[in-house]
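Please look over the sequence and the model below before reading on.

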Amino acid sequence: MSFDIKISFGNDSEKMQDYSSERIALLNILQGIISRLANSKTALKVAGVTVLSALLAFSAVDGSIFEWYWFIPVSGIFMYFHAYFLQQERAFVKLYNIEAAKNKNSPVDFVIDTEKLRSATESIFSVLMRKTVFGFHLSLCVGFMVISYLSRNKGAVDLCLRMYA
C-alpha cells in the first residue's frame, strides 16, 4: 500500500512566480531601442534636407558644373537609410507587441532572438514604397531639382512668372 500525501501552504497562485517586473524591464529595453531608431530616422531626414540644401547652394554659384540630376542619387541614399531605420523600428514594434501580449506569469528571456527579429522584418522594397518614405523623398528631390533648374535658367523663371501673373 502506498499513500500520496500532498501538503499545500497557501493557494497555487502564490506558488506561481510573478515575472511582471522582468517583463516591464524587457519592454523598457525594447521601447528604448524603438525610440533610438525613431530619433535616428528623424535625424536622417534633417541631414537629407541639409545636404540637399548645401547642394542647392553649390549649384547656384555661377560657373558651377553641378547639374540638377545630381540630386537624385543623394536623395536616393537618404531614402534608403530612412527606409532601413523605419524597417528596423517596425520590426522592434512587432517584437514589443508580442512580448506585451504574453502572460505575466510566463518566464522572460532577455535575449533578442535574431530569428524572431528577421521574421518580424518587412522587405526593404515594401518599406521604400511606403507613402511616408517615397513621398517625402520624392517631393524633396523634385522640389530641389526644380529650384536648382529655375535658379540656373533665368528665362525659365521669367516664363513661370508670366504664367502666374
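Does H82 count as buried or exposed? The model is a predicted one, and in it H82 has a relative accessibility of 3%. Buried means under 20%, so H82 counts as buried. The residue belongs to helix α3. Leaving out residues up to four places away in sequence, H82 touches K41, L44 and K45, and also T132, V133 and H137.

Helix α2 covers residues 20-59 and helix α3 covers residues 71-101. Their axes come within 9 Å and cross at roughly 170 degrees. Angles over 145 degrees count as roughly antiparallel, and α2 is therefore roughly antiparallel to α3. Sorted by class, the residues in the contact of α2 with α3 are 24 nonpolar, six polar and five charged.

A second residue to look at is F58, which is found in helix α2. With a relative accessibility of 44%, F58 counts as partly exposed, because that class lies between the 20% limit for buried and the 50% limit for exposed. Apart from its neighbours within four places in sequence, F58 is in contact with S64 and F66. F58 and S148 are 90 residues apart along the chain, and their C-alpha atoms are separated by 9.6 Å.

The chain as a whole has seven helices and zero strands; read from the N terminus, the order of elements is α-α-α-α-α-α-α. Of its 165 residues, 28% count as buried. The accessible surface comes to about 11300 Å², and 64% of this belongs to carbon and sulfur atoms. When contacts between residues at least 6 apart in sequence are considered, 83% of them join residues at least 24 apart.

Among the elements, α3 has the highest mean pLDDT, at 91, while helix α1 (residues 12-15) has the lowest, at 47. The pLDDT is below 50 over residues 1-15, and this stretch has two contacts in the model beyond near neighbours in sequence.

Terms used. Residues are numbered from 1 along each chain as its sequence is written. This is a predicted model: local features need pLDDT of at least 70, side-chain atom pairs count only at pLDDT 80 or more; totals for chains, interfaces and linings use all residues. Side-chain values use heavy atoms; hydrogens and water are left out. Axes are lines fitted to C-alpha atoms, for helices over the stretch in contact, and angles run from 0 to 180 degrees between N-to-C directions. Helices (H or I, at least four residues) and strands (E, at least two) are DSSP runs, numbered from the N terminus. Angles under 35 degrees count as roughly parallel, over 145 as roughly antiparallel, 65 to 115 as roughly perpendicular and the rest as oblique. Ala, Val, Leu, Ile, Met, Phe, Trp, Tyr, Cys and Pro count as nonpolar, Asp, Glu, Lys and Arg as charged, and the others, Gly among them, as polar. Buried means under 20% relative accessible area, exposed over 50%, partly exposed in between (1.4 Å probe, protein chains only). Contact means heavy atoms within 4.5 Å. Accessible areas come from the Shrake-Rupley method with a 1.4 Å probe; for residues, only the protein chains shown count as cover. pLDDT is the predictor's confidence in each residue, from 0 to 100.
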